[in-house]
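Subject: A structure for you to explore

Hello,

Here is the structure I promised to pass on to you. Please open it and keep it in view while you read my notes below.

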Amino acid sequence: MPRLSRRSFLAASAALAARPAAAGAAPLRGEADVVIVGAGAAGIAAARRIAAAKRKVVVIEAADHAGGRCITDMTTFGVPYDRGAHWIHVPDLNPVTKAAPRRGLDIYPAPASQKVRIGRRYARQGELEDFLAVRVRANRAIIEAARKGDVACGQALPRDLGDWRAAVEFVLGPFGCGKELAEVSAVDFAKSAERDVDAFCRQGFGTLLASLAQGVPVELSTPATAIDLRRSVEVETPKGTIVARAAIVTASTNVIASGAIKFTPGLPARQLDAMAKLALGSYDHIALELANNPLGLESDDLVFEKSVNTSTAAILANVSGTSLCFVDVAGKFCRDLSGQGEAAMVDFAAEWLAGLYGADVKKTIKRSHATRWIQEPLARGAFSAAAAGGQSARRTLMEPVHDAIWFAGEAVHETLWGTVGGAWESGERAADAVLHRLGGQKEPVPVDAETAASKSKREPKRPAPVQRQRFEAQPRIMRDGY
């Protein structure tokens, strides 16, 4: 069964772990130096930074748990189940893993290969080489187009990609960006930093993040309903109003664009336009408990299909050595499917697997669950990918509003967008900017996106034709962290 390397392929629960931090938090107070809206990766990172500077910080979170779109569920299957972010990119450099205590956490490398299914069989070596060649061409075409202007990735693709076109479009687009390539900025794609080494946390990525929320004063089930800047920064919640000197807002671009938080005065058109250009895409896990490993796959095996249309998915099998299998759907197909409800999503996954591995697979399905991130009112999507012509919107969102509000989150990072690490760095950067505004901090230095991007332009190498060898490099795939 030939494998294709995903070396550069982008490729206790968090809720329970987060509760001690919230349980120890003081009641909501009326005043603070800084109020942070949202206790995901960006909010946690910002709060830790501000607290370390001995400033009074209050973190409010609309959900009943910390973690945002990075949450581990222990109850549904009895094993760690990451409902959102799961892939840990470049763990040795990732700010989340660098900051997390390792006691009790098993962070291990992701397998260095992936497979391609063609109907009821796996792709042969020559077919894998063809797939790789098409991906190399598509990847290079997008990067070359980005040098000339910010067009849509789909517009940059060569016309002669043959019968691998649908599979390549899925891998580069929905799977990597949460959107169709026709909806994604070529410059955003090209600037995304290399994510060529991955890891998993056996206890769940959400559990890892929750360990960093310990000691952070998070007020759970406390949504921000309005932010008034006319006198100072006044954040209204159902539990009262917080008055602060500055605010860091980490709610998703889709939530802010929906008007769920009322700003007075209203946000400038420049920021609203940036939010629209950085709308979140769709990416969901359809999680299936499969008895007795009916797919015959190894722990954390990644499998794609040589698809003929957009109704396709990716498999992450035997997650962390369990019987849990993710059938990951993304992009427009995911958005439409999730709109039909969880039962329809599970039915699709069962039928799709049966088409690839035989009808008997359906008999092995025990418990199941499907995430529906675009339906979640506190997220309204999975992660951001800039629209064509919209890559500069990320830097726009780094600008303070009325010198009082800073935005943070994965959408506010030029090279690590769509990742937990990017959200974390964005939160730290916003905190540094706020501390500089309050006095006593050096002015923060923005990330040099051009330098970061230049480091990511490593061309894939074609392997020597050695029998049964693995490909050890291939084109970048912008994995979202899910």
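First, some ground rules. This is a predicted model, in which local features need pLDDT of at least 70 and side-chain atom pairs count only at pLDDT 80 or more, while totals for chains, interfaces and linings use all residues. Residues are numbered from 1 along each chain as its sequence is written, and side-chain values use heavy atoms, with hydrogens and water left out.

Let's begin with the cores. A nonpolar core is a set of buried Ala, Val, Leu, Ile, Met, Phe, Trp, Tyr and Cys residues joined through side-chain atoms within 4.5 Å. Buried means under 20% relative accessible area, exposed means over 50%, and partly exposed is in between (1.4 Å probe, protein chains only). The largest nonpolar core here has 96 residues, and Ile36, Leu208 and Ile248 have the most contacts inside it. Its largest share, nine residues, comes from helix α15 (residues 420-438). Helices (H or I, at least four residues) and strands (E, at least two) are DSSP runs, numbered from the N terminus. A second, separate core has 30 residues, including Ile227 and Phe407. In soluble globular proteins, nonpolar side chains tend to be buried together.

Leaving aside residues up to four places away in sequence, Ile248 touches several others, among them Val34, Ile50, Trp406 and Val434. Touching, or contact, means heavy atoms within 4.5 Å.

Next comes helix α2 (residues 41-52). Its twelve residues should span 16 Å at 1.5 Å a residue, and its end C-alpha atoms are 17 Å apart, which agrees. The expected span is 1.5 Å times one less than the number of residues. Buried residues in α2 include Ala41, Ile44 and Ile50, and what covers the buried residues of this helix includes β1 (31-37), α9 (205-213) and α15. Just after α2, Lys54 takes a positive phi of about 65 degrees.

Helix α13 (residues 342-357) passes the length check too: its 16 residues should span 22 Å, and its end C-alpha atoms are 22 Å apart. Among its buried residues are Phe348, Trp352 and Leu356. Gly358 follows α13 with a positive phi, near 105 degrees.

Now a few residues in loops. Ala385 lies between β19 (365-370) and α14 (393-396), and it counts as buried because its relative accessible area is 0%. Among the residues that Ala385 touches are Cys177, Lys277 and Trp417. Ala385 and Glu410 are 25 residues apart along the chain, with their C-alpha atoms separated by 9.9 Å.

Most residues other than glycine have a negative phi, and most peptide bonds are trans. Asp300, which is not a glycine, has a positive phi of about 60 degrees. Asp403 also has a positive phi, near 55 degrees. A cis peptide bond joins Thr264 and Pro265, with omega about -5 degrees. Pro265 is in the loop between β14 (262-264) and α11 (269-277).

Enjoy looking around!

Best wishes
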